[in-house]
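I open this notebook to record what I looked up in one structure. The entries go from the whole chain to single residues.

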Amino acid sequence: MDWELMWDSLPRLLGAMPLTLLLVFASLLFGAGVAFATALLRLSGNRVAETLTAAYVFVFRGTPLLVQIFLIYYGLGQFETVRDSFLWPMLREPMWCAILALTLNTGAYTSEILRGAILSVPLGQVEAARACGMSRVLTFRRIVLPVAIRQMLPAYGNEMILMVKASSLASTITMLEITGLARKIISQSFAVFEIFILAGAIYLLLNFLASRFIKYTEWRLTPYLRARA
C-alpha cells in the first residue's frame, strides 16, 4: 500500500468533489420537477397523459443508465434537427448531457416513489379536508402532499444515495468528476488499489452525509413521533 501516493492524491480527488456535487444536486433538483409533473399526470385520469408518462417511466427504469448517457451524448448529435436547434450548445457539452440523463433517470424512479406515496395517503384525511370545505387543490397542497412527502422520504433517501453513485458514470463521457479523475491518476501511477480506495471513501462520505440529511429531515417532519418519544 503506497500511503504517500494516497496522501498526495487525496487533495486532487477532493478537488473533483464540486463537479460531482453539481451533477448530483442539479439532477436531483431537475429530476424532482420531472417526477412531480409525471406523478400528477399519471394520476390525472387522462388516458393519453397516463400512457405517455407510463411509457417514459417504463423506458427509463427498464434500461441501464449507462446506455441512456451514451444515447444522449453520442446519439443526439447524429440528428441534424438537434444540431440546428437552440439546444445544441448545451447538448454538445458532456456536463449537460450527463445532467440530462441523470435527471430523466431519477425523474422516472422518483415519480413512482411520489405516486405511491400519494396513493398511500389515508382516504379519511382527504374526506375530512373536503368536509371542512377545502377545494381539491387546497386539499392536495395542505393535506395530501405534506403527508406524501413524509412517507416517501425513506425511499427517496435511497434514490439520493443511488444518484451519488450513479454520477460516477459521467466519467465515461470525459467528465473529470471523482471517478474520472481517479481513472486519470491511475493511468499515470498504475496504483489502482490505492486510488480507488480513496475514491470509494469519498463516495462513502457523501452518502453518509446524504443519509444523515434524510434522517434529520424525517425527524423535523414528524413532530408527533418526537412527542411520543
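**Entry 1: the chain as a whole.** I began with burial and found that 39% of the 229 residues in the protein chain are buried. I note here that the model is a predicted one. I then looked up the surface: the protein chain exposes about 13300 Å², and 68% of that area comes from carbon and sulfur atoms. For the extent of the chain, I recorded that the C-alpha trace spans about 70 × 55 × 25 Å along its principal axes.

**Entry 2: elements and contacts.** Which elements does the protein chain contain? I counted 12 helices and zero strands.

**Entry 3: a pair of helices.** I selected helix H8, which covers residues 123-131, and helix H9, which covers residues 136-166. At what angle do H8 and H9 pack? The angle is about 145 degrees, and the axes lie 10 Å apart. I noted the crossing of H8 and H9 as right-handed. On the H8 side, the contact is made by Gln125, Val126, Ala129 and Arg130. On the H9 side, Arg136, Thr139, Ile143, Val144 and Val147 take part.

**Entry 4: Ile186.** I located Ile186 in helix H10, residues 178-189. Is Ile186 buried or exposed? Its relative accessible area is 12%, and I class Ile186 as buried because this value is under the 20% cut-off. Leaving out residues up to four places away in sequence, I listed the residues that Ile186 touches: Ala191, Val192, Ile195 and Phe196. For one of these, Phe196, I also looked up the distance: Ile186 and Phe196 are 10 residues apart in sequence and 8.5 Å apart in space, from C-alpha to C-alpha.

Entry 5: I located Met90 in helix H6, residues 88-91. Met90 has a relative accessible area of 36%. Which residues form the nonpolar patch on the surface with Met90? I found Leu29, Phe30, Phe86, Leu87 and Trp96 listed beside Met90. Together, the residues of this patch have about 640 Å² of accessible area.

Technical notes: Residues numbered from 1 in each chain as written. Predicted model: local features only at pLDDT ≥ 70, side-chain atom pairs only at ≥ 80, totals over all residues. Heavy atoms only, no water. Helix = DSSP H or I, 4+ residues; strand = E, 2+ residues; numbered from the N terminus. Buried < 20%, exposed > 50% of the residue type's maximum accessible area, 1.4 Å probe, protein only. Contact = heavy atoms within 4.5 Å. Patch = residues over 30% accessible without salt bridge, like charges linked within 9 Å, V, L, I, M, F, W, Y side chains within 5 Å. Areas by Shrake-Rupley, 256 points an atom, 1.4 Å probe, with all protein chains shown as cover. Salt bridge = Lys/Arg side-chain N within 4 Å of Asp/Glu carboxyl O. Axes fitted to C-alpha atoms, helices over the stretch in contact; angles between N-to-C directions. Left-handed = near helix turned anticlockwise from the far one by under 90°.
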